[in-house]
Amino acid sequence: DEMCDRYGADTFRLYEMSTGPLEVSRPWSTRDVIGSYRFLQRVWRNLVDEQTGAVRVTDDEPGTETLRELHRAIAGVHSDYAALRYNTAAAKLIELNNHLTKAYRAAGVPRSVAEPLVLMMAPLTPHIAEELWSLLGHEDSLAYHQFPVADEQYLVADTVEYPIQINGKVRSRVTVPADATPEQV
């Protein structure tokens with residue numbers, strides 16, 4: 001109860017779900033809750049201006065790298081939820097949000113990325129997701145909307161990076177087209 005009062009129910013729920021596989025016993029630490037709290041704060045700041053409360057979402061088209069990150073997250077989170085791997089789903093959401101923080105620090109996050117992010121957060125953090133969904137202009141609950149679907153074209157890598165090892169130590173890396181033959185590599 002103290003943790004919920006201090007950080008909110010969604011923070012506590014996210015912390016509990018992201019500490020590791022559900023079937024594994026794990027130590028509980030009140031100090032570690034702050035990581036979940038900070039993640040939710042960063043998501044909020046990416047989508048809502050803290051000073052004015054205005055939504056920081058644009059109708060701009062996201063770049064290719066953002067689309068790759070989004071669809072990689074959608075595919076990963078979908079399979080993680082299906083397998084009850086909430087900890088790895090949370091990690092994928094954090095990665096996506098970190099990308100958005102770097103890519104859209106000055107400008108707002110494209111709506112076509114913000115809405116799937118909120119929908120993917122809903123199973124882990126239903127209260128903040130519902131609030132963000134409402135701020136994004138939706139009058140009905142996000143529970144009535146489909147889970148995002150990954151676009152396969154953004155899941156295919158254009159390049160592959162191979163590490164070059166000498167005596168067991170990585171000395172360099174080579175990036176080649178994903179469809180390169182062994183001879184080309």
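# A walk through the structure from glutamate 69

Glutamate 69 lies in helix α4. The model that holds this residue is predicted. Glutamate 69 counts as buried, because its relative accessibility is 18% and buried means under 20%. Set aside its neighbours within four places in sequence, and glutamate 69 is in contact with Leu96 and His99.

Glutamate 69 also has a charged partner. Its side chain meets that of arginine 72 in a salt bridge, at 3.2 Å from N to O. The two side chains are joined by a polar contact of 3.2 Å as well. Both residues sit in helix α4, 3 residues apart, so about one helical turn separates them. Arginine 72 is partly exposed, with a relative accessible area of 42%.

Now step back to the whole chain. The protein chain has 7 helices and 4 strands. Along the sequence they follow the pattern α-α-α-β-α-α-β-α-α-β-β. The C-alpha atoms fill a box of roughly 60 × 45 × 30 Å, taken along the principal axes. The chain has 185 residues, and buried residues make up 38% of them. Take the contacts between residues at least 6 apart in sequence: 59% of these join residues at least 24 apart. The chain exposes about 11300 Å². Carbon and sulfur atoms supply 49% of that area.

Return to the charged pairs. Side chains of opposite charge can pair when their charged atoms come close. The structure holds 5 salt bridges. One of them joins the side chains of aspartate 80 and arginine 85, at 2.9 Å from N to O. Aspartate 80 counts as buried, at 3% relative accessibility. Arginine 85 counts as partly exposed, at 37%.

Another salt bridge links arginine 111 with glutamate 115, and their closest N and O atoms are 3.0 Å apart. Both residues lie in helix α6. They are 4 residues apart, about one turn of the helix. Arginine 111 is partly exposed at 25% relative accessibility. Glutamate 115 is buried, with a relative accessible area of 18%. Asp59 belongs here too: Asp59, Arg111 and Glu115 are linked in a network of salt bridges.

Next come the rings. A pair of aromatic rings is described by the distance of the centres and the angle of the planes. The count here comes to 3 aromatic pairs. One of them is formed by tyrosine 7 and tyrosine 37, edge-to-face, with 5.1 Å centre to centre and 70° between the planes. Tyrosine 7 lies in helix α1 (residues 2-7) and tyrosine 37 in helix α3 (residues 33-47), so the pair ties together parts that are 30 residues apart in sequence. Tyrosine 7 is buried, with a relative accessible area of 15%. Tyrosine 37 is partly exposed, with 27%.

A second pair brings together tyrosine 81 and phenylalanine 147. Their ring centres are 6.0 Å apart and their planes stand at 70°, so this pair is edge-to-face. Tyrosine 81 lies in helix α4 (residues 64-82). Phenylalanine 147 lies in the loop between α7 (126-135) and β3 (159-166). The pair therefore ties together parts that are 66 residues apart in sequence. Tyrosine 81 counts as buried at 12% relative accessibility. Phenylalanine 147 is partly exposed, with a relative accessible area of 25%.

Tyr81 leads on to proline 123. Leaving out residues up to four places away in sequence, proline 123 touches Arg13 and Tyr81. Proline 123 has its place in the loop between α6 (111-121) and α7. It counts as partly exposed, at 32% relative accessibility. Proline 123 and alanine 143 are 20 residues apart along the chain, and 9.7 Å separates their C-alpha atoms.

The last stop is the surface. Tyr162, Ile164, Ile166, Val174 and Val185 form a nonpolar patch there. Together they have about 390 Å² of accessible area. Strand β3 gives the most to the patch, with 3 residues. Isoleucine 164 is found in strand β3. It counts as partly exposed, at 34% relative accessibility.

Definitions and conventions: Residues are numbered from 1 along each chain as its sequence is written. This is a predicted model: local features need pLDDT of at least 70, side-chain atom pairs count only at pLDDT 80 or more; totals for chains, interfaces and linings use all residues. Side-chain values use heavy atoms; hydrogens and water are left out. Rings of Phe, Tyr and Trp (its six-membered ring) pair if their centres lie within 6.5 Å; planes under 30 degrees apart count as stacked, over 60 as edge-to-face and the rest as tilted. Helices (H or I, at least four residues) and strands (E, at least two) are DSSP runs, numbered from the N terminus. Buried means under 20% relative accessible area, exposed over 50%, partly exposed in between (1.4 Å probe, protein chains only). Patches are made of residues with over 30% relative accessible area and no salt bridge: like charges are joined within 9 Å, nonpolar side chains (Val, Leu, Ile, Met, Phe, Trp, Tyr) within 5 Å. Accessible areas come from the Shrake-Rupley method with a 1.4 Å probe; for residues, only the protein chains shown count as cover. A salt bridge is a side-chain nitrogen of Lys or Arg within 4 Å of a carboxyl oxygen of Asp or Glu. A polar contact is a pair of N or O atoms within 3.5 Å; within protein, one must be able to donate a hydrogen and the other to accept it, and residues adjacent in sequence count only if both atoms are side-chain atoms. Contact means heavy atoms within 4.5 Å.
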